[in-house]
Amino acid sequence: MLPSRPNLSTGWIYTAGGGLRNAYSPYYVRIDLAAHQLTVFKSDRSLGTWKVATGAPSTPTPTGRTFLLASLTPEDATYSPRMLALGSHSAVLQTFDGGPGTIGLHGWPDESVFGQEVSHGCVRVPAAALRVLAHVPLGSAVVINP
């Protein structure tokens, strides 16, 4: 899977030269947009389920399989102490906040948004979910269901 447009892009890695290292993560994240829920799993055991806020109708959260691309801790965190970038992009916004319209998981200080479709495509999660997500290794699978 590639973190590029269009979403769900895949590529091949030339392995004949050696030097390729495989990695496995027992973690995965499932997001159910209809139920506004995020669940974190480790080896098929749920570590928790939380109500989340998802993309507004005009800026929907993209669906499909993706992965945790990066974990960022902003110096001047205005609304989230950690941002978890995914390997997918907004289908509507070509850029956002100076970046390429990457979709992410991040906290939100106002709990009244959870259970609603209000974001620019990112998934806003409660603090407890963000604490659990902080331990999920980069590269772990994320599945976003409609």
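**Entry 1: the model**

I am working from a predicted model, so I read every value below as computed from predicted coordinates.

**Entry 2: the cavity**

How many cavities of 30 Å³ or more does a search of the whole structure find? My search turned up one. I noted a volume of about 30 Å³ for the largest cavity.

Next I looked up the lining. Asn-7 and Leu-8 are in it, along with Pro-62, Thr-63, Gly-64, Arg-65, Thr-66, Ser-88 and Ile-144. Strand β5, residues 64-72, gives the most to this lining, with three residues. By class I have five polar residues, three nonpolar and one charged.

**Entry 3: the largest pocket**

Then I turned to the open spaces. The largest pocket holds about 550 Å³, and 25 residues line it. Which residues lie nearest its centre? I wrote down Tyr-79, Met-83, Phe-96, Thr-102 and Cys-122. The largest share is from β7, which supplies five residues. The lining of the largest pocket divides into 13 nonpolar, 10 polar and two charged residues.

**Entry 4: the second largest pocket**

For the second largest pocket I have about 420 Å³ of space. Its lining has 18 residues, and the closest to the centre are Asn-22, Ala-23, Tyr-24, Ser-25 and Gly-139. Here the elements that contribute two or more residues are β1 (27-32) and β5. Strand β5 gives the largest share, three residues. I sorted the lining of this pocket into 11 nonpolar, five polar and two charged residues.

**Entry 5: the nonpolar core**

In soluble globular proteins, nonpolar side chains tend to be buried together. With that in mind I looked up the largest nonpolar core, which has 22 residues. Which of them touch the most other members? They are Ile-31, Leu-38, Val-40, Leu-105, Val-125 and Leu-133. Two or more residues each come from β1, β2 (37-42), β6, β7, β9 (123-125), α1 (127-133) and β10 (141-145). The element that gives the most is α1, with four residues.

Leaving out neighbours within four places in sequence, I found Val-125 in contact with Leu-38, Val-52, His-106, Gly-107, Trp-108, Phe-114, Leu-130 and Leu-133. Leu-38 and Leu-133, both in that list, are also among the core members that touch the most others.

**Entry 6: backbone details**

Most residues other than glycine have a negative phi, and most peptide bonds are trans. I went looking for exceptions.

The bond joining Arg-5 and Pro-6 is a cis peptide bond, with omega about -10 degrees. Pro-6 is in the segment before β1.

Leu-8 is not a glycine, yet its phi is positive, about 70 degrees. This residue is also in the segment before β1. Is Leu-8 buried or exposed? Its relative accessible area is 53%, so I logged Leu-8 as exposed, the cut-off for exposed being over 50%. Leu-8 had already come up in the cavity lining.

Ser-43 is another non-glycine residue with a positive phi, near 50 degrees. I placed Ser-43 in the loop between β2 and β3 (45-51).

Note on methods. Residues are numbered from 1 along each chain as its sequence is written. This is a predicted model: local features need pLDDT of at least 70, side-chain atom pairs count only at pLDDT 80 or more; totals for chains, interfaces and linings use all residues. Side-chain values use heavy atoms; hydrogens and water are left out. On a 1 Å grid over the protein atoms alone, a cavity is a set of points where a 1.4 Å probe fits but cannot get out, and a pocket is an open set with protein on both sides within 12 Å along at least five of seven lines; lining residues have an atom within 4 Å of a point. Grid points are joined across faces, edges and corners, and a volume is the space filled by probe spheres set on the points. Ala, Val, Leu, Ile, Met, Phe, Trp, Tyr, Cys and Pro count as nonpolar, Asp, Glu, Lys and Arg as charged, and the others, Gly among them, as polar. A nonpolar core is a set of buried Ala, Val, Leu, Ile, Met, Phe, Trp, Tyr and Cys residues joined through side-chain atoms within 4.5 Å. Buried means under 20% relative accessible area, exposed over 50%, partly exposed in between (1.4 Å probe, protein chains only). Contact means heavy atoms within 4.5 Å.
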